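Load the model in a viewer and colour it by secondary structure. The stops below are meant to be selected one after another.

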Amino acid sequence: MSEDKLDWNKGDGLLPAVVQDADSLRVLMLGYMNAEALAVTRASGHVTFFSRSKQRLWTKGESSGHFLDLVDIRADCDEDTLLVLARPHGPTCHLGRASCFPEAPGGFLAELDALVAQRERERPQGSYTTKLFEAGTRRIAQKVGEEGVETALAAVAQDDAALLGESADLLYHLTVLLRSRGLSLDDAVAVLRERHR
């Protein structure tokens, strides 16, 4: 994105900035940026807006600690709206919700992958995911094999509900297997994306 091409004139020096979770792709909020807010966002790595009500720069999370870590910023085709990809630290909405748009769709697999990564780091007691990580990659791979066979069998010998249940088990265990090797579902999707080109 070339900042000198942005059309700051349409909005009297402000551009709408749609913030999207970089992992789940859920829309989190809408704010406004002026050139200074954009520069501070890039320099600090925390998404910063120009508050129209306070008439000053405002970094999301400055009082709550729920910062938005910048991943990328892109402009739309008219260069007058920004798409901000970020990773939230806690809820984005001041009402304690993940998104200011409570019904905003997001990729649940990305949420699952993030939860599995958290389980790997924290290893909470009593968690099935923790038990899998502690059993090691070989055991997790064995579970993926078992779930793959069960999914195939459900496809040819059982109803749709059974197939969907086994498919869900397979996706979960595959997510754990990838994380056990330091990889993510997004890494696998990147391979699919590259093959699609």
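Which residue of β6 is the bridge partner of Asp69? It is Arg87. This is a predicted model, in which local features need pLDDT of at least 70 and side-chain atom pairs count only at pLDDT 80 or more, while totals for chains, interfaces and linings use all residues. Residues are numbered from 1 along each chain as its sequence is written, and side-chain values use heavy atoms, with hydrogens and water left out.

Stop 1: Select residues 68-75 for β5 and 82-88 for β6; the two run antiparallel and are joined by 7 bridges. Strands here are DSSP runs of E with at least two residues, helices are runs of H or I with at least four, and both are numbered from the N terminus. Two strands count as paired if DSSP finds at least two bridges between them. Between β5 and β6 there are 6 residues, and Glu79 in this hairpin takes a positive phi near 60°.

**Stop 2: the open sheet.** The open sheet has 4 strands in the order β2-β1-β6-β5, with mixed pairing. At its edges are β2 and β5, each of which pairs on one side only. From one strand to the next the twist averages 25°; angles run from 0 to 180 degrees between N-to-C directions, with axes as lines fitted to C-alpha atoms, for helices over the stretch in contact.

Strand β1, residues 15-21, is antiparallel to β2 and joined to it by 6 bridges. Ala17 has Gly31 as its bridge partner in β2. Towards β6, the pairing of β1 is parallel, over 5 bridges, and there Asp21 is partnered with Ala86.

**Stop 3: helix α1.** Select residues 35-44. This helix lies across β2, β5 and β6, at about 125° to β5. Contact means heavy atoms within 4.5 Å.

**Stop 4: the β3–β4 hairpin.** Select residues 48-51 for β3, which is antiparallel to β4 and joined to it by 4 bridges. Phe49 has Trp58 as its partner in β4. The hairpin has 4 residues between its strands, and Gln55 in the turn has a positive phi of about 55°.

**Stop 5: the largest pocket.** This pocket holds about 930 Å³ of space. Of its 30 lining residues, Asp21, Asp23, Ser24, Ala110 and Ala114 are the closest to the centre. A pocket is an open set of points on a 1 Å grid over the protein atoms alone, where a 1.4 Å probe fits and protein lies on both sides within 12 Å along at least five of seven lines; lining residues have an atom within 4 Å of a point. Points are joined across faces, edges and corners, and the volume is the space filled by probe spheres set on them.

Next select α2 (108-122), α6 (185-196) and β6, each of which supplies at least two lining residues. The most come from α2, with 9. By class the lining has 13 nonpolar, 7 polar and 10 charged residues; Ala, Val, Leu, Ile, Met, Phe, Trp, Tyr, Cys and Pro count as nonpolar, Asp, Glu, Lys and Arg as charged, and the others, Gly among them, as polar.

**Stop 6: the second largest pocket.** Its space is about 280 Å³. Closest to the centre, of 17 lining residues, are Trp58, Lys60, Thr92, Cys93 and His94. The elements giving two or more residues to this lining are β2 (27-33) and β4 (56-59). The lining divides into 6 nonpolar, 8 polar and 3 charged residues.
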